[in-house]
Structure formats: structure tokens, C-alpha cells
Amino acid sequence: MADFGGWDMPIEYPGGGVVAEHTAVRERVGIFDVSHLGKASVTGEGAVDFVNACFTNDLRRIGPGQAQYTLCCDPSGGVVDDLIQYLKGEQDVFLIPNAANSAEVVRRLAAAAPDGIEVRDQHEAYGIIAVQGPRSDEVLEALGLPTGHDYMSFLETEWHGRPLTVCRTGYTGERGYELVPRWEDTTALWDALAEAMEAHDGMPCGLGARDTLRTEMGYPLHGQDLSLDISPVQARAGWAVGWKKDQFWGRDALVAEKAAGPARVSWGLLVTGRGIPRAHCTVLSGGDTGADSSPASATVPGGEVMGEVTSGTFSPTLRQGIALALLTGAAVGDAVVVDVRGREIPATVVKPPFVDLQTR
């Protein structure tokens, strides 16, 4: 167990371990207790238009029963949080922000809400259990739950007479679901899922496997790959921005940055040597550029500083180190080196995802 956003979270489970849990999700099924994630609701006349004027993505691209990845930005274009918005109806939008940022997202929405719009923090009203992997449908079907609906959609149902939302979403790249039960029902649902997945050799999975799975897909983690200092344009999250919308928080700054071109961009790094890159490791060009010693062109043995790693890990699928990094002047195929505690580890610049999955 470890502290994560103020919550005690499992890094791995007894009898499992990061690699075993990761492999279970890629090949069979795994379940994650992610009840630490935030939950909030925005209700009232004009709720959809209000949320749409705050967050980056365009809610008018989807309809009731669908979900959408979006970003909450500040006026500078920096990212306060990335979250999923669930469109229940014109007067009801449900939000799942990150745990550490949930209160701030709710605060900003509440401060901006006009009369008639209610913003409620429901962080402790619901749990969330993610069921991820090729056998996820079979696990849900064993509990009599609906499966097979479209990716980024959700259904309202019941389990043993208890209300439950079944979302076709996830953070692993695999086919999977995220279940949103009432807080008081979450433990019983976890136990039932754990029993059902035994027939498929499934495993409970912790934060360690969650991190390796999402990094293989190139999915960002707020606070590392997205932040107030890392904009959606830099993080290649411009696809989650409704550029044609007239209004959203941070719009002017993001439009200007897109037009000018970002000074740095997120890339993937595929390590070709022995070593595991970690966040904040320096990334250097593949050779000595001969640049001068001024701060603007800082060099170390091995090349010129191009940027730094934002997320790095060992990929259990590829059996080698991978990373996301903010770089200047990089292109696919470039040879670089990563400074890992004074050791120069060779790597190649790639565009994520690192693993090609067709199961979602």
C-alpha cells in the first residue's frame, strides 16, 4: 500500500505483482479498485451548455448515454485536470476527475455556475471498479450485467436491486468496463467480480500494473504528462479540444499556442539499451553537437539537452524500457540518450502507443 492523492492505494496484490497483474489484463482479465477517483455532478437547466463552455472538448459531439474525455484548463492553457464527462441528459452531466484534483475542479465549476445550475461533489457517494481485459465481458455477464455497448458509452442498470452504471471506458487500452456503484455497495460488488473472474484466471490489480498498462498506450497521467505547465497542445491532447467552440477555459492561450507551434512536444521513447527511464530523467541528443556552453544550449557528454522524461517504466509486454518525454526538435526515429542516474541509456523516438491493441 502507498499514499496516492491522499488515499491508501494498493501498488500490487499478494500472489500477484506488477508483471503478473499487467499480463493478466493483457491476456485475460483484471479488476482495479479505483474508488479514489473523483465524482461530481452538474445538474439544472442548461447544464450541458454550461459544462461545454468550461471544458475543452465539445459535448455537442456526443449524445445521452455517451462519455467523452476532456480537459479542465486555466486561462494560461495549462491543465488543471483531465477527466471523463458522462452525458446523462440536457440537465445532467456526471464527471469523473482525478482524485487529487476533484475538489479544485468542483470549486472552479461552482464558482462559475450561473443561477439554476447545481455543482455537487459526490466523491464519497460512489465507488469505481475497473474490469479490464479480453475476458471482461464474460466476468460481467456472470453477474448478469450488460456488455457489448459501444466504447465510450454507458448504461444505467441494477445489480441485486442496487443501482449501477456500467461504462465502456478504461485506462489500459484493453476491452473493458468501469462500474460505478453506490459507495455502500462497492465492497459486495468487488467480491462478486473477484469470484467471477476466477474462472478466467483473472487477478486483482494495483497501481503498479495500472501505470505500466497506461504507459504502454501512451495515456497521460496528470501531474506528470499533463499539468499547469504542460498544455494539451504540448501533450498531443489537441484531439480533446473543441477548436471550433467559441468558449472554453484557456481557449485564447491554446489557440495562440497551436498557431505559433509549441516549443516542446510529447514523444515516446523506446529504450534500446539496458535501463529503465523514470520521470525527470534528462533526454539528450544522440551525440555531441559541439554547441557552446551557454545555458540555452546546455550540453553533457553524449549530446545536447532536448528535454526530460515525464513518465517512464519497464514494459512487461515489450520487455524493455519505455517513456513519455517532452522534447524540443525531435522526430520519429531519432536516436537519443536518457540520463538515468548518470548512465546514458540509448533510446529511439517513437509516437505512442507502444503496443498495438485491437481488442477494445
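Predicted model: local features only at pLDDT ≥ 70, side-chain atom pairs only at ≥ 80, totals over all residues.
**Entry 1: helices α1 and α6**

I began with helix α1, residues 18-27, and helix α6, residues 207-216, and found that their axes come within 8 Å and cross at roughly 55°. Two packed helices are described by the angle between their axes and the distance between the axes, so I noted both values. On that angle α1 and α6 are oblique to each other, and I recorded the handedness of their crossing as right-handed.

I then asked how many residues of α6 are buried. The count is 9 of 10, and I therefore wrote α6 down as mostly covered, with buried taken as under 20% relative accessible area. The buried residues run from L207, G208, A209 and R210 through T212, L213 and R214 to T215 and E216, and I noted that R210, R214 and E216 are among them. Just after α6 I came to G218, which takes a positive phi of about 75°.

**Entry 2: the second largest pocket**

Next I looked up the second largest pocket, whose volume is about 200 Å³. It is lined by 13 residues, and those closest to its centre are I230, R264, E308, T310 and L326.

Which element gives the largest share of this lining? I found that it is strand β17, residues 303-315, which supplies 4 residues.

M152 sits in the loop that runs between α4 (136-142) and β10 (154-159). Is M152 buried or exposed? Its relative accessibility is 17%, and because buried means under 20%, M152 counts as buried although it lies in a loop.

D201 is another residue other than glycine for which I found a positive phi, here near 55°. I placed D201 in the loop between α5 (186-197) and β13 (203-205).

**Entry 3: a cis peptide bond**

Last, I checked the peptide bond that joins P352 and P353, and recorded it as cis, with omega about 10°. As for where P353 is found, I located it in the segment after β20, the strand that covers 343-350.

Definitions and conventions
Residues numbered from 1 in each chain as written. Heavy atoms only, no water. 1 Å grid on protein atoms, 1.4 Å probe; cavity = no way out; pocket = protein on both sides within 12 Å on 5 of 7 lines; lining within 4 Å. Points joined across faces, edges and corners; volume = space filled by probe spheres on them. Helix = DSSP H or I, 4+ residues; strand = E, 2+ residues; numbered from the N terminus. Buried < 20%, exposed > 50% of the residue type's maximum accessible area, 1.4 Å probe, protein only. Axes fitted to C-alpha atoms, helices over the stretch in contact; angles between N-to-C directions. Parallel < 35°, antiparallel > 145°, perpendicular 65-115°, else oblique. Left-handed = near helix turned anticlockwise from the far one by under 90°.
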